[in-house]
There are 2 protein chains.
Amino acid sequence: MDGPLHFKVHHRLPGTAARSGTVTTPHGDFSTPAFMPVGTKGTVKGLLPHVVASTGSEILLNNAYHLMLRPGDELVAQRGGMHEFMGWHRPILTDSGGYQAFSMSDVNQIDDDGVTFKSIVDGSSIHLGPERAMEVQNNLGADIIMAFDDCPPSVHGVHGTGEANHARRLEQAVDRTTRWLHRCVEAHGRTGDQALFGIVQGGTDLQLRARSLAEVTEVDLPGYAIGGVAVGEDPELIHSVVREVAPRLPEDRPRYLMGVGYERDIMEAVLAGVDMFDCVLPTRNGRSATAFTRQGRINLRNARFREDDAPLEPGCPCLACSVDHPLSGDQKGGFSKAYLRHLFQAEEMLGPILVSVHNIQHFQSLMLDIRRAIRDDAWPSLVRDWPVLGDPALKG
Amino acid sequence: MDGPLHFKVHHRLPGTAARSGTVTTPHGDFSTPAFMPVGTKGTVKGLLPHVVASTGSEILLNNAYHLMLRPGDELVAQRGGMHEFMGWHRPILTDSGGYQAFSMSDVNQIDDDGVTFKSIVDGSSIHLGPERAMEVQNNLGADIIMAFDDCPPSVHGVHGTGEANHARRLEQAVDRTTRWLHRCVEAHGRTGDQALFGIVQGGTDLQLRARSLAEVTEVDLPGYAIGGVAVGEDPELIHSVVREVAPRLPEDRPRYLMGVGYERDIMEAVLAGVDMFDCVLPTRNGRSATAFTRQGRINLRNARFREDDAPLEPGCPCLACSVDHPLSGDQKGGFSKAYLRHLFQAEEMLGPILVSVHNIQHFQSLMLDIRRAIRDDAWPSLVRDWPVLGDPALKG
């Protein structure tokens, strides 16, 4: 393998930009299009690594922002990196921490050197810029690391009074993202075993997107991402940006759409040629009793599930639904909606655990079916098997 | 098998009342002396049934009090009983709900018909007496069910101003427990597949204990329990009651010491001839970052574990400690104290999950070694392997 990452395309779906393939990393392969569950603080909330693996997840995401603050990236490096620390021995991707630093923090200053903010852990003043973001991610040791980009927090000003300001801010973000990318390349200390991805910014302004795309892809990198979407805008707006940007990213490198999304958003992006996704939806929804099904989402607190003896989704191979899951052994496994509802009513941890694992399985089953549909040129049967993809009335 | 339960003694430890054996129930066997993890509301908090089973747990306890209030015992009966409802296909024991109703509730009235209290779920007025306690437990469908007893909440008045009152209350409790036992026997609707255990009361008054023992064992039952201990009194006082009562319970029936306890308490009780134990200590401590080890308890929030790369207990076969646990598969398993500490600091569910499973394993490993020591007449080596049993300075 030349460099830390290798990407091979196996199949293409005629008439679209969709493709399926394999990404090879120092910690093994993952199939694309791929969905990455989010393990923000070094754990997919409530799930042991082997349980995450049981859903077919082949790569997961950790957040550099949270881990640099606690337990600290140096402490993780001394423990052998995130794979060793959290006991996940498949590929890991870390984000740069920029998005969280800009959007979640008590920010004191943003300038051409990065962002200075107050730590949510101990209130201390923290600086994060391209060099430090690379140092943090080198310490965490993920297989894929992300450039430090300038991601304006939201598009809500675009059609309001702040339109001109927002446009200037977007343009500034594109410029900075390019300049910071060069500094990241310079600062990256583990090019042999960590693949650095560049990020295209530009909000919903397609001209700006085109400029960012040109500038970012000018740097030869093992992969590229589309950032600055799924930050509050309409799904149709996401789709139009993705349709414009994704197919123009280098054909022979994996393309990653950051923070997306619902099933239909993923489908649209796959058709535009995207290979990688991450999203907190399955776990965040799982913790609040919302389960994904092929017919749309359901909330288990609803009284109609009180005496419902069926699993969340008949035929689902997950630990929550399957009566003969390999992990369950002589305890069989398979839990009714009535039991899951009881767990949430009683505020028992096992409710979030079981619905999270089901929801991750839901997305991994979707990705598996997407890869098969690409391989077999069978997109219509995918849409037939996943009503949530085709019917806008279903909350997909 | 005659009746719902069969008990066979295999080995006895010379010079003591300790014995090892097997209890056979409609849902399989369990080895004694046995430790039952507590699944209060129909789940051992945070642990899937197969994970509980992986610790060597062969029987668990559910609380009738909590389950009758939510989701309701009739709802559970319609789902096929607790085994089906919670997906635990090994033996289950339910308590009668009396202890919780007396001690945890907003009690309105206690009389010879039982207790009337306010539901913690919806504030409604609930009556629990011997007949209803049997109905609830028949609905829940455990393999072993407990008589409805009168368990005075605490012994704290014994040496204070309330001494005379407390003595009268204890005597009343013994009388009621006997009368209620006869009503339970009468009301028990599933004698074919549920074994009813009687409970000896009497607090720390050995004369009262002797009377209760005589009255309760006059009723021919598949097993007997010692209740009303571990309600706040000194460990030495528990041991003296157990030493007095346990050996005089019928030799050919399993003896169950309710709600006990720490490792040394269990050891003392085994030597007095007790066969069954339950306790919330492993799970309750696990949730608050306290791990049991053979050297005593440790709290993972302590800063000294910040960079501790060792597991909780080297050689422990649990999912948290073992690097080649059968469930972990290619994710290896085995987590450092540094990682566990991080999980608690970050308030991640996986911390309570991993330390709970370790703590249950700790008690199951102790029971396994106790059974071996009885079989091999090797008690000294047990005490050598478990420093916490021998050294009162260790918080065992």
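1. In this predicted model, chain A is divided into two parts: domain 1 covers residues 6-279 and domain 2 covers residues 286-390. The C-alpha centres of domain 1 of chain A and domain 2 of chain A are 27 Å apart.

2. The contact between these domains of chain A draws on 24 residues from domain 1 and 25 residues from domain 2. On the side of domain 1 of chain A that touches domain 2, the elements giving two or more residues are strand E2 (19-25), strand E4 (34-36), helix H1 (49-54) and helix H10 (263-271). H10(A) supplies the largest share of that side, with four residues.

3. Attention may now turn to a set of paired strands. Strand E7 (residues 106-111) of chain A pairs with strand E8 (residues 114-118) of chain A in the antiparallel sense, over five bridges. A hairpin of two residues connects E7(A) to E8(A). Asp111(A) has Gly114(A), in E8(A), as its bridge partner.

4. E8(A) also runs antiparallel to strand E9 (residues 125-128) of chain A, and four bridges join these strands. Val115(A) has Leu128(A), in E9(A), as its bridge partner. Six residues lie between E8(A) and E9(A) in the hairpin that they form. Within this turn, Gly123(A) has a positive phi of about 80 degrees.

Key:
Residues are numbered from 1 along each chain as its sequence is written. Chains are lettered from A and ligands numbered from 1 in the order in which they are written. This is a predicted model: local features need pLDDT of at least 70, side-chain atom pairs count only at pLDDT 80 or more; totals for chains, interfaces and linings use all residues. Two strands pair if DSSP finds at least two bridges between them. Domain bounds come from an automatic or database domain assignment. Two residues are in contact if their C-beta atoms, placed from the backbone, lie within 7 Å.
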